[in-house]
Amino acid sequence: MLKKRETDVEKERLRLAGLCARSEQCEYDIRTKLDRTTLSPSQKQEIITFLKENKFIDNARFAGSFTRDKINFSKWGKNKIRFHLFQKRIPSYIIASALDDIDEESYFEVALSLVKAKERQFDLKSADGISKLYRSMMTRGFSGDIIKKALNKAKTENPEE
């Protein structure tokens with residue numbers, strides 16, 4: 001069990017404001033950090049309110065940033081992103097909005113690049129190789145439709161296989 005840190009409201013407010021200024025944070029993450037302190041629930045709520053009013057915390061902005069980062073850098077699909085945002089207690093309408101903002105063309109390019117990388121790893125002439133590719137892509141959060149389209153495009157670009 002983690003030992004709770006003793007702190008005062010102003011010190012904690014400044015620490016969390018600095019954290020939010022450096023990186024995008026959601027309300028759930030901040031609440032989790034505040035739960036590790038000895039502050040009372042009303043003091044914790046006061047800090048959360050301050051951070052929201054001063055635009056340090058914005059769940060919609062966090063969801064958009066998280067979505068872009070996970071697609072571009074981690075090569076995640078929409079399903080995995082949706083699940084992780086849900087775990088962070090982001091409301092479903094915000095998650096839907098963030099996922100709707102995804103550029104479908106660049107999203108498809110990410111899936112295609114992953115399929116091309118997996119082509120070298122799996123024998124896509126066999127049913128076993130194709131099922132391994134599907135499983136691999138689905139664990140990254142891509143839907144069957146996107147995987148199928150990316151696989152077909154990869155095969156047409158590389159017909160000798």
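The dialogue below takes up a helix pair, a pocket and a salt bridge.

Q: At what angle do helix H4 and helix H5 pack?

A: First, note that this is a predicted model. Helix H4, residues 59–72, packs with helix H5, residues 78–87, at an angle of about 140 degrees, and their axes are 10 Å apart. The crossing in which H4 passes H5 is right-handed.

Q: Which residues make the contact?

A: Contact here means heavy atoms within 4.5 Å. From H4 come Phe62, Ala63, Phe66, Thr67, Lys70 and Ile71, while H5 supplies Ile81, His84 and Leu85. By class, six of these contact residues are nonpolar, two are polar and one is charged.

Q: What is the volume of the largest pocket, and which residues line the largest pocket?

A: The volume of the largest pocket is about 170 Å³. Its lining consists of Gly64, Thr67, Arg68, Ile71, Asn72, Ala98, Asp101, Ile102, Asp103 and Ser106. H4 provides the largest share of this lining, with five residues. The lining divides into three nonpolar, four polar and three charged residues.

Q: How many salt bridges does a search of the whole structure find?

A: A salt bridge requires a side-chain nitrogen of Lys or Arg within 4 Å of a carboxyl oxygen of Asp or Glu. The search of the whole structure finds 10 salt bridges. One of them joins the side chains of Lys88 and Asp29, at 3.1 Å from N to O.

Q: Which parts does the pair of Lys88 and Asp29 tie together?

A: Lys88 belongs to the loop between H5 and helix H6 (92–100), and Asp29 to helix H2 (residues 27–34), so the pair links parts 59 residues apart in sequence.

Definitions and conventions
Residues are numbered from 1 along each chain as its sequence is written. This is a predicted model: local features need pLDDT of at least 70, side-chain atom pairs count only at pLDDT 80 or more; totals for chains, interfaces and linings use all residues. Side-chain values use heavy atoms; hydrogens and water are left out. Axes are lines fitted to C-alpha atoms, for helices over the stretch in contact, and angles run from 0 to 180 degrees between N-to-C directions. Helices (H or I, at least four residues) and strands (E, at least two) are DSSP runs, numbered from the N terminus. A crossing is left-handed if the near helix is turned anticlockwise from the far one by less than a right angle, and right-handed if clockwise. Ala, Val, Leu, Ile, Met, Phe, Trp, Tyr, Cys and Pro count as nonpolar, Asp, Glu, Lys and Arg as charged, and the others, Gly among them, as polar. On a 1 Å grid over the protein atoms alone, a cavity is a set of points where a 1.4 Å probe fits but cannot get out, and a pocket is an open set with protein on both sides within 12 Å along at least five of seven lines; lining residues have an atom within 4 Å of a point. Grid points are joined across faces, edges and corners, and a volume is the space filled by probe spheres set on the points.
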